[in-house]
Amino acid sequence: MAPGKRPRDGAGAGGSHHDPLRAPRGGGISKRRRPVTGDRDGDIDMDSAPRISGDTAGRGGRNPRRANGDGKRGGVQGSLARLTPTARENLLSKAERSAAGKGSDKKVAIKIRGMKDSKASGNRDGGLRSLLDFIERKASKGRPITLGRAVVRGEDVCLTVSQEDAQNILRLNGYTFAGVPLAIETDDAAATQGSGASTTGQDGNTSDVKTKMLGMLASRYDADGLLLNLSSLGTDPIMIELKAVETKALAEKTFKALLFLVSQRFDSKDAKDAAIQAVSLANNGIQDVKEVFNLARDLPRLRRLDLSGNSLQDFSGLSKWRHEFRLLEELHLVGNPLTSLPNYPKQVIEWFPNLQILDGQQVRTPKEAADTLMEWFPRPIPALPSNLRDGGNNVAGAFLGAFFPAYDQDRPALLKQFYDDESVFSLTAEPEDSSAPYKTFTRNLEKIGARDPATHQRLFSGAAVIAELWSRLPATRHPALDDLNLWKIDCHTFRSLADPTGMGEAMGLIINVRGQFEEPDPAGQVPLRRKFHRCFILAPSKPGAPHPFRVLSDQLSIMPGQPWGAPAQVTPAVPTQPAQVPIALGDAAQPGPVAPDDVRANLLFEVSRRTGMTAEYAEMCLGAANWDLELALTFFEQKKAELPPEAFLQPS
């Protein structure tokens, strides 16, 4: 954001022909007939270049994780435990002083001269960051000091500090910084006039500023339309009075502060989402939505959004939101240059799957939007009976028959047989499982997050690393594979794996296993029953390996354990004939009898989806194949040319 200008011709406070606090009629997001261009009407220019001289040189430009050689600059993100020792000590020190009633209400304005003539002036920021680091390091003698925001005015660097910190900083007058002696003195003129560069206003009363901002937000909220109107903030009298949008940095920080205040007014996210379903950011000179990106984090379930009358030049200015606002139904971009691009409607429609209204025109029906939205979310895999499709070579049977007994009795020997330096293993334990061995190594992405470094650290590669991990996991005892009620196994082949000999492509095999095992409880020596899911990817072995196939990937998911004597909370199995579940590995290729109703429904859906046939013909095909999916698909390919047109679903 860059400075907004005062309105002309009475368009601001006291103006009669424009009321920036009035929500659009009808309680929704209204289209603008004419885009407002430039800054003549007082809009905030949210992406113009910031000024070097006289502008706020915020500390926000620093890398929050950066630390200098003395450790004086630490990241102040997250919890107290993540602070550097110096910053943590400073924070606690301030808290103690506040509790003792000393406070730090009285501030001292200081100006520092010499930076412009120093060797650091050639830095990107003119040497400001290096200067502030130097002052903090030298002044933190006996008590740590962390400086706040600084303002560059001509030859001087101006900042406001507490009286106690000011004494230590003034002692540095005459110290040499980057080859130049510094002149440090109090800034009496700034103390009298107020810096005017802080969002706290001229009187520095944060509570008063908060009250004014809350009043502005209340006046801009339309309860009938569930609309928060944040359009034309540059002409708002309160924003002008607080000087909260005079610079790019201040305007962006003010927007974040407004969203923070909005969040504080609600007890939960659900309450906030229910109360605010529409937001207008029209006529704010936005050139890139990264300036207001926090809107997607604070109101992700927004239904209607007005960005009209801004300065979005192309799709790159909107692309930061391409994976956000998945429930957005209505979007207005009229008055932005990007609307003149050839692929404008198509690109925006693709980025927002639930979008139905774009610039007042319907682009999807509600049903089309619902279907598109469903494609963005994973669908549950239907629970089918065990089914082994491994190309007829019984690879899955041979592997599983050797794997689980060896995993229970001799894990090092198992690793030598089927794992090599390219094998990968990961473990996922349910969040409520408090077992120390599993909790330490779990790679549960729902708990630790996909961007957490632990997602890479807990992906164990190579047989040697996997062996070290397995040695720390509890002992197990799996039931025999011929106990059909305790296992569910599915496997199928796939192509396009790299052949280890370098001779083109090889065939791979995916095996999914669901079952349970016993595990001794270290505390009471009472066996625990745990359910698990294990997914293997098998590939041809390298030359010289003990087996013709190896494990490329092994992913183990473990559920919370129950004492063996406790009743297992499982869904009763549907009684079936033994031949229905082809888990007898040698008979995997033989079809089973008619499946139960729930399984038949899943098979019907799958055949109809893959072939395009109607439900009636899909049932005929499956019946001829004794309800074997692969055999039914084979029959379809053989008879496809002979089927009548009515056998296929007609396009709607």
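Asp359 counts as buried in this predicted model, with a relative accessibility of 12%. Buried here means under 20% relative accessible area, exposed means over 50%, and partly exposed lies in between (1.4 Å probe, protein chains only). Asp359 sits in the loop between strand S13 (357-358) and strand S14 (361-362). Helices (H or I, at least four residues) and strands (E, at least two) are DSSP runs, numbered from the N terminus. Asp359 is not a glycine, yet its phi is positive, at about 55 degrees. Most residues other than glycine have a negative phi. Asn283 likewise has a positive phi of about 55 degrees although it is not a glycine. The loop that holds Asn283 runs between strand S10 (278-280) and helix H9 (294-298). Asn283 also counts as buried, at 5% relative accessibility.

Residues are numbered from 1 along each chain as its sequence is written. The model is predicted, so that local features need pLDDT of at least 70 and side-chain atom pairs count only at pLDDT 80 or more, while totals for chains, interfaces and linings use all residues; side-chain values use heavy atoms, with hydrogens and water left out.

The secondary structure of the protein chain comprises 20 helices and 22 strands. The chain has 652 residues, of which 42% count as buried. Among contacts in the protein chain with a separation of 6 or more, 68% are between residues 24 or more positions apart. Contact means heavy atoms within 4.5 Å.

Asn229 belongs to strand S9 (residues 227-229) and is buried, with a relative accessible area of 2%. The C-alpha atoms of Asn229 and Val279 are 5.8 Å apart, while the two residues are 50 apart in sequence. Glu606 is placed in helix H18 (residues 597-611) and counts as buried at 16% relative accessibility. Glu606 and Leu629 are 23 residues apart in sequence, and the distance from C-alpha to C-alpha is 8.3 Å. Phe494, in strand S18 (residues 488-498), is partly exposed, with a relative accessible area of 23%. Phe494 is 12 residues from Ala506 in sequence and 8.9 Å from it in space, C-alpha to C-alpha. With neighbours within four places in sequence left aside, Phe494 is in contact with Ala506, Met507, Gly508, Leu509, Ile510 and Ile537.

Two packed helices are described by the angle between their axes and the distance between the axes. Axes are lines fitted to C-alpha atoms, for helices over the stretch in contact, and angles run from 0 to 180 degrees between N-to-C directions. Angles under 35 degrees count as roughly parallel, over 145 as roughly antiparallel, 65 to 115 as roughly perpendicular and the rest as oblique.

Helix H12 (residues 395-409) and helix H13 (residues 411-418) cross at roughly 145 degrees, and their axes come within 7 Å. On the H12 side the contact is made by Phe399, Ala402, Phe403, Ala406, Tyr407 and Gln409, and on the H13 side by Arg411, Leu414 and Phe418. By class, this contact has 7 nonpolar, 1 polar and 1 charged residues. Ala, Val, Leu, Ile, Met, Phe, Trp, Tyr, Cys and Pro count as nonpolar, Asp, Glu, Lys and Arg as charged, and the others, Gly among them, as polar.

H13 also packs with helix H17 (residues 463-470), at an angle of about 160 degrees and with the axes 10 Å apart. H13 and H17 are therefore roughly antiparallel to each other. Their crossing is right-handed. A crossing is right-handed if the near helix is turned clockwise from the far one by less than a right angle, and left-handed if anticlockwise. Arg411, Leu414 and Leu415 of H13 meet Ala463, Ile466, Ala467 and Trp470 of H17. The residues of this contact divide into 6 nonpolar, no polar and 1 charged.

Helix H19 (residues 615-624) and helix H20 (residues 629-639) pack with their axes 8 Å apart, at an angle of about 115 degrees. H19 and H20 are therefore roughly perpendicular to each other, and H19 passes H20 in a right-handed crossing. Cys621, Leu622 and Ala624 of H19 meet Leu629, Ala632, Phe635 and Phe636 of H20. By class, this contact has 7 nonpolar, no polar and no charged residues.
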